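Open your viewer and load the model. Keep the selection tool ready, and take the stops in order.

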Amino acid sequence: MSDQPQSMKPETAEGTQMVTAMVRLRGALQEVRLPLEMPGIEQERSSQREMVDQLEDYVIPRLMTIDAPLLAVVGGSTGAGKSTLVNSLVGHKVTQPGVLRPTTRSPVLVHNPADARWFGHDRLLPELERVNRQTDDPDALQLVPTDAVPIGLAILDAPDIDSVVAANRTLAAQLLAAADLWLFVTSAARYADQVPWDFLRQAAERSAAVAIVLDRTPPDAVETVSTHLARMLASRGLKDSPLFVVHEGPVSEEGLLEAEAVAEIRSWLDALAEDADARSAVVRQTLDGAIRTLARRTHAVADAATEQVDAVRRLREDANAAYDQAVKAVSEASADGTLLRGEVLARWQEFVGTGELLKSLETRVGWLRDRLVNVVKGKPQQAERVTVAVESGLETLILEHAEAAAERAEASWRSFAPGHALLADAGEDLGRASRDFRRRAERAVRDWQSDVLEMVRTEGADKRTTARFLAFGVNGLSVALMVVVFAHTAGVTGAEAGIAGGSAVIGQKLLEAVFGDQAVRTLAERARRDLELKVADLLDAERRRYLDLLDSLQVSPEVPDKLRAASRRIDDLRFAAKPREGMQA
């Protein structure tokens, strides 16, 4: 093997760089997630799996063990005579032909005993268990050492590529992708079947080394069938592939064809095994073709990954927009006087005796603070009624907008095919607020009211014995602060504006009578921010139902660029190696 071209040697800098590049490509492919249902996505999922398998089963192991024996995989249609051909080439039975169809059994690899070291778990199909006995386990690889196979060559009998058993078809495709040389076995009756030609087309696209065996051919049909088959091969880019014809003939009790029936094939394989340059050329042709094809196919997978990233981004933006709108709506409605109507307004008026007080505000604002203690009619239980009304109004407002946000987010997702499929698999109705949302909203509102109460209590720590503080009480001053918060922007119009604004002014004057102007502004702003934070937390938890679903897909925005960079690196190394190979040739 000393005449192996240096550019192919894994211990060279170029060889090491290529191995590293292929390992990085495999890592990037394994990071790809294509979970969203989009047009053509199943094909790209299949392509991704095939590429990872070929990297692990063939390209990386072959690059790392470039001097390993040439692996000829014998594949073809059901009943083409693959196992009989393998046994006949070896000269004795090493693989069991299927009697009943479909036949489920493990692949059989026949090799010279001197080459046994090349076929450990790190060399070929690492996920298959190595066994030295006959088995029907498709997850095992039967290793059969025999001196009948020359050093430098190994022959693998694969399952049928058109088997009705899906596992057989998958394994057959995996084995063929791991071959240095594919011995495609067909028959006069099956050579035009579509499935084998799909495999042959893929082999031609990646410049894999292929030899065709036309098996079980009656003498009077040899010329007609072989001529037609040769034309089909030429039209599909395989005109240089050797074509061997095995005439129909007797089979021995051991299941072997006569030696002369397979002599031409055996002679050709022996010549490959003996000629290091010829063997190297086959390996280089298939390996280079596989690497080139992997680099090319990577871009299609990268494009599919980009579409997934874009789809996830769109779905995320739709969900965020729905809940951002809800947060904004609650914020506005809890600050523009909207809440100062209905039950809240009625209970507040009971507490402050608005009729008399509003008249005072309109005509005698200048001396209002000195009169407030005598004007306010409210009792502690009336302040509590305001608190309850505020709690109910806030809860209803928050729940209403949580439901609206869920409906908007769901509607936008349903209008987009990937989102529609995600919703179907979500396991819950995302178009409604969570079942426990009302309970969480109630707790958040009560917590906010408790915080407001504590703010007032803390701010009035040194005023608790004053007549004004005692007159209003902590509860009364707390509900006054809530009312001020709810008319923060005085955004309502018409008659309601006067009522809401007047209510807020009353609340503010009550507070200023106890704490002073600046303290009231500070308290109102703190209470306002605290309410906005609690509402945002509530709705963000609802938003997370959508975002967590997207996060669980593990679609990374960086992966497409990693894939493209890995592909470019492989192409750069390939092109850099071409001049050196040309000079050595």
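This tour goes from ring pairs to charges over rings, then to the nonpolar cores and a loop. Remember throughout that the model is predicted.

**Stop 1: the aromatic pairs**

A pair of aromatic rings is described by the distance of the centres and the angle of the planes. In this model there are six aromatic pairs. Select Y323 and Y546. Their ring centres are 6.2 Å apart and their planes meet at 50°, so this pair is tilted. Now colour the helices. Y323 belongs to helix 8 (residues 276–333) and Y546 to helix 17 (residues 517–551), so the pair ties together parts that are 223 residues apart in sequence.

Are Y323 and Y546 buried or exposed? Both are buried. For Y546 the relative accessibility is 0%, and buried means under 20%.

Next, select W182, F184 and F199. Ring pairs link these three into a cluster.

**Stop 2: charges over rings**

Show R236 with W197. R236 lies over the face of W197, 4.8 Å from the ring centre. Then move to R314 and F416. Here the charged end of R314 sits over the ring of F416, at 3.9 Å from its centre.

**Stop 3: the nonpolar cores**

In soluble globular proteins, nonpolar side chains tend to be buried together. Which residues touch the most other members of the largest nonpolar core? Select M22, L25, V59, L109, L156, L181 and L563. The core has 101 residues. Its largest share, eleven residues, comes from helix 8.

Zoom in on L25. Leaving aside residues up to four places away in sequence, L25 touches L55, L294, T298, L563, A566 and I570.

Now look for a second, separate core of 78 residues. Among its members are M38, Y323, A326 and A433.

**Stop 4: a loop**

Where does D336 lie? Look in the loop between helix 8 and helix 9 (342–352). D336 has 19% relative accessibility and counts as buried, because the cut-off is under 20%. A polar contact of 2.4 Å joins the side chains of D336 and T338.

How values were computed
Residues are numbered from 1 along each chain as its sequence is written. This is a predicted model: local features need pLDDT of at least 70, side-chain atom pairs count only at pLDDT 80 or more; totals for chains, interfaces and linings use all residues. Side-chain values use heavy atoms; hydrogens and water are left out. Rings of Phe, Tyr and Trp (its six-membered ring) pair if their centres lie within 6.5 Å; planes under 30 degrees apart count as stacked, over 60 as edge-to-face and the rest as tilted. Helices (H or I, at least four residues) and strands (E, at least two) are DSSP runs, numbered from the N terminus. Buried means under 20% relative accessible area, exposed over 50%, partly exposed in between (1.4 Å probe, protein chains only). A charge sits over a ring if NZ of Lys or CZ of Arg is within 6 Å of the ring centre and within 35 degrees of the ring normal. A nonpolar core is a set of buried Ala, Val, Leu, Ile, Met, Phe, Trp, Tyr and Cys residues joined through side-chain atoms within 4.5 Å. Contact means heavy atoms within 4.5 Å. A polar contact is a pair of N or O atoms within 3.5 Å; within protein, one must be able to donate a hydrogen and the other to accept it, and residues adjacent in sequence count only if both atoms are side-chain atoms.
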